[in-house]
Amino acid sequence: MTTKVLSVGGSIIAPDAPDVEFLSAFAKMICTWLEENKDSRLIFVAGGGGPARTYQNAYKDVAAKFGDTEKKTASFANDADLNYACDWLGIMATRLNAQILKTVFGPLCQQDVVTDPTAVADFTGRILVAAGWKPGFSTDNDAVLLAERFNADTVVNLSNIAKVYTDDPRKNPDAKPIDEISWADFRKIVGDEWIPGKNCPFDPIASKKSQELGLTVICAAGKDIPNIRAILDGKNYTGTTIR
């Protein structure tokens, strides 16, 4: 049985609230594809999206309202504590998004949402849905660990960008889209540190692990349903391939 892993960005599932149109179109395409590819199964890893950022920003605003005296005894006494708390808020948002993704696919997804990619023993059904694990890691990293566990050689990272750029195109008009890039060059772009809520094409910790495993990662637009189908079919697609 061939296994494919898709890291479905929270900004795709729930940019602010769950995107019903996307979930409907995505589910229809996936069900059709699985019916046509009976020797394949899929793992979806859900990101946090708008709900994660909403709660993380709210927490930061609360922290900012405390004076120096209160901070000495508060849970956000330093940046490390603040990041830890924000990580957990993001993780909880991923679990809510994962649950709606699991529910959408009904009997095709027989197992509970996976919250520890290192502890899942088996894969029953045709679809497995996972969410955030623990602070210090993004759902990109969970996707990589599940790819390792179930012998998938590729992770498809679906987000709100169609390709990776040489720099942030919103800040640098000279930034160029990338069709293919090595892990060594990609890691120069994203760095080595994970920061909760960090907006990058594929998180630094996951990138390091992917390079060690020799995984291929495809970054593509999450709402381009025909393009996702092309990736699953091994046909020509629009996106950035990292290997």
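**Reading helices, rings and burial**

Author: Asn-151 is exposed, at a relative accessible area of 70%. This is a predicted model, in which local features need pLDDT of at least 70, side-chain atom pairs count only at pLDDT 80 or more, and totals for chains, interfaces and linings use all residues. Residues are numbered from 1 along each chain as its sequence is written, and side-chain values use heavy atoms, with hydrogens and water left out.

Reader: What is the phi of Asn-151?

Author: Most residues other than glycine have a negative phi. Asn-151 is not a glycine, yet its phi is positive, about 60 degrees. Gly-234, which follows helix 9, also has a positive phi, near 75 degrees.

Reader: Which residue is partly exposed?

Author: Take Lys-209, which counts as partly exposed at 24% relative accessibility. Lys-209 has its place in helix 8 (residues 204-213). Contact means heavy atoms within 4.5 Å. Leaving aside neighbours within four places in sequence, Lys-209 is in contact with Asn-141, Val-144, Leu-145 and Glu-148. Lys-209 and Glu-148 are 61 residues apart along the chain, with their C-alpha atoms separated by 9.8 Å.

Reader: At what angle do helix 2 and helix 9 pack?

Author: Axes are lines fitted to C-alpha atoms, for helices over the stretch in contact, and angles run from 0 to 180 degrees between N-to-C directions. Helix 2 (residues 20-36) and helix 9 (residues 225-233) pack at about 25 degrees, and their axes are 10 Å apart. The two helices are therefore roughly parallel. Angles under 35 degrees count as roughly parallel, over 145 as roughly antiparallel, 65 to 115 as roughly perpendicular and the rest as oblique.

Reader: Which residues make the contact?

Author: Helix 2 supplies Phe-22, Ala-25, Phe-26, Met-29, Ile-30, Thr-32, Trp-33 and Glu-36. Helix 9 supplies Ile-225, Ile-228, Arg-229, Leu-232 and Asp-233. Glu-36 counts as exposed, at 52% relative accessibility.

Reader: Which residues of helix 9 are buried?

Author: Ile-225, Asn-227, Ile-228, Ala-230, Ile-231 and Leu-232 are buried. The buried residues of helix 9 pack against strand 1 (2-8), helix 2, strand 2 (40-46), strand 4 and strand 8 (216-221).

Reader: How many aromatic pairs are there?

Author: A pair of aromatic rings is described by the distance of the centres and the angle of the planes. Rings of Phe, Tyr and Trp (its six-membered ring) pair if their centres lie within 6.5 Å; planes under 30 degrees apart count as stacked, over 60 as edge-to-face and the rest as tilted. The count here comes to 8 aromatic pairs. Phe-123 and Phe-150 form one that is edge-to-face, 5.6 Å centre to centre with 75 degrees between the planes. Phe-123 lies in the loop between helix 5 (79-104) and strand 3 (127-130), and Phe-150 in the loop between helix 6 (139-149) and strand 4 (154-159), so the pair ties together parts 27 residues apart in sequence. Phe-123 and Phe-150 are buried.

Reader: How far apart are the ring centres of Trp-183 and Phe-186?

Author: The centres are 5.8 Å apart and the planes at 85 degrees, so this pair is edge-to-face. Trp-183 and Phe-186 both lie in helix 7 (residues 183-190), 3 residues apart, about one turn of the helix. Both Trp-183 and Phe-186 are buried.

Note on methods. Helices (H or I, at least four residues) and strands (E, at least two) are DSSP runs, numbered from the N terminus. Buried means under 20% relative accessible area, exposed over 50%, partly exposed in between (1.4 Å probe, protein chains only).
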